[in-house]
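Try each task before you read its solution.

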Amino acid sequence: MEKKRTHTIEEINELKEWFEANKSLIPSTMQINSSAYTPNLPETIDMLFEQAYICYENPKMQGCIWLLKKIKENLVK
């Protein structure tokens, strides 16, 4: 049986540190992808991290981490 990919607490902490170090890059709104828009990006990031810290080991609850990584990717571009 194939092991499903989950994240470690260290990976979540590294992502959190990146967002904290790059607060100046974070706009107030963002079209994250073609189907996800947030009118309050800083609040959305906070809520996604709350969920990420609770669900990081659950392979069925990785969406919050995926969204955080996508937001980071958009900000780096």
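Before you start, here is how to read the helix numbers: axes are lines fitted to C-alpha atoms, for helices over the stretch in contact, and angles run from 0 to 180 degrees between N-to-C directions. Helices (H or I, at least four residues) and strands (E, at least two) are DSSP runs, numbered from the N terminus. The model is predicted, with pLDDT of at least 70 needed for local features and 80 or more for side-chain atom pairs, while totals for chains, interfaces and linings use all residues. Residue numbers start from 1 along each chain as its sequence is written, and side-chain values use heavy atoms, leaving out hydrogens and water.

**Exercise 1. Sketch the fold.**

Step 1. Count the elements: the protein chain has 3 helices and 2 strands.
Step 2. Look at the strands: E1 (residues 30-33) and E2 (residues 36-38) run antiparallel and are joined by 3 bridges; strands pair if DSSP finds at least two bridges between them.
Step 3. E1 and E2 make a hairpin, with 2 residues between them.

**Exercise 2. Pack H1 on H2.**
Task: find how H1 and H2 are oriented to each other.

Step 1. Take the geometry: H1 (residues 9-21) and H2 (residues 41-55) pack at about 165°, and their axes are 11 Å apart.
Step 2. Apply the cut-offs: under 35 degrees is roughly parallel, over 145 roughly antiparallel, 65 to 115 roughly perpendicular, and the rest oblique. H1 and H2 are therefore roughly antiparallel.
Step 3. Find who touches whom (contact means heavy atoms within 4.5 Å): H1 brings residues including Ile 12 and Phe 19, and H2 brings Ile 45, Phe 49, Ala 52 and Tyr 53.
Step 4. Sort that contact by class: 8 nonpolar, 1 polar and 1 charged residues. Here Ala, Val, Leu, Ile, Met, Phe, Trp, Tyr, Cys and Pro count as nonpolar, Asp, Glu, Lys and Arg as charged, and the others, Gly among them, as polar.

**Exercise 3. Bring in H3.**
Task: describe how H3 packs with H2 and with H1.

Step 1. Start with H2: H2 and H3 (residues 63-76) pack at about 140°, with axes 9 Å apart. That makes H2 oblique to H3.
Step 2. List the contact: Leu 48 and Gln 51 are among the H2 residues, and Cys 64 and Leu 67 among those of H3. By class, this contact has 10 nonpolar, 1 polar and no charged residues.
Step 3. Turn to H1: the axes of H1 and H3 come within 11 Å and cross at roughly 35°.
Step 4. Check the residues: Ile 12, Leu 15, Trp 18 and Phe 19 of H1 meet H3 residues including Lys 69 and Lys 72. The contact of H1 with H3 has 9 nonpolar, no polar and 2 charged residues.
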